Amino acid sequence: FREFDAGRLKLRTYEVKEPDIVAIRKKAKVSQQTFAALIGVSLRTLQNWEQGRTRPTGPARALLRIVEKNPRAMLTLHAA
């Protein structure tokens, strides 16, 4: 911390963008009810996320990132 305090060390920062849940769900081509069931949350929770009243955290955010990159992964896992 001394190096940082003295201005000789710069720390890396990362910007974590909020997932666009509506876009992710639409990319997966499923309804709100189906999407909520597939990712293991209540319909009300999904609706709150989509309307910006609450935000997903932790594992839900990680799962949403996976679905965003590969929507078929969610459907494949559910079918197994």
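The lining of the largest pocket comprises two nonpolar, no polar and six charged residues, where Ala, Val, Leu, Ile, Met, Phe, Trp, Tyr, Cys and Pro count as nonpolar, Asp, Glu, Lys and Arg as charged, and the others, Gly among them, as polar. The model is predicted: local features need pLDDT of at least 70, side-chain atom pairs count only at pLDDT 80 or more, and totals for chains, interfaces and linings use all residues. Residues are numbered from 1 along each chain as its sequence is written, and side-chain values use heavy atoms, with hydrogens and water left out.

The lining consists of V16, K17, E18, P19, R61, R65, E68 and K69. A pocket is an open set of points on a 1 Å grid over the protein atoms alone, where a 1.4 Å probe fits, with protein on both sides within 12 Å along at least five of seven lines; lining residues have an atom within 4 Å of a point.

The whole structure holds five salt bridges, each a side-chain nitrogen of Lys or Arg within 4 Å of a carboxyl oxygen of Asp or Glu. One of them pairs R55 with E18, with the closest N and O atoms 3.7 Å apart. In another, R61 meets E18 at 3.3 Å, N to O. Through shared partners, E18, R55 and R61 form one network.

E50 and R25 form a further salt bridge, their closest N and O atoms 2.6 Å apart. E50 is buried at 18% relative accessibility, and R25 is buried at 11%; buried means under 20% relative accessible area (1.4 Å probe, protein chains only).

How values were computed: Buried < 20%, exposed > 50% of the residue type's maximum accessible area, 1.4 Å probe, protein only.
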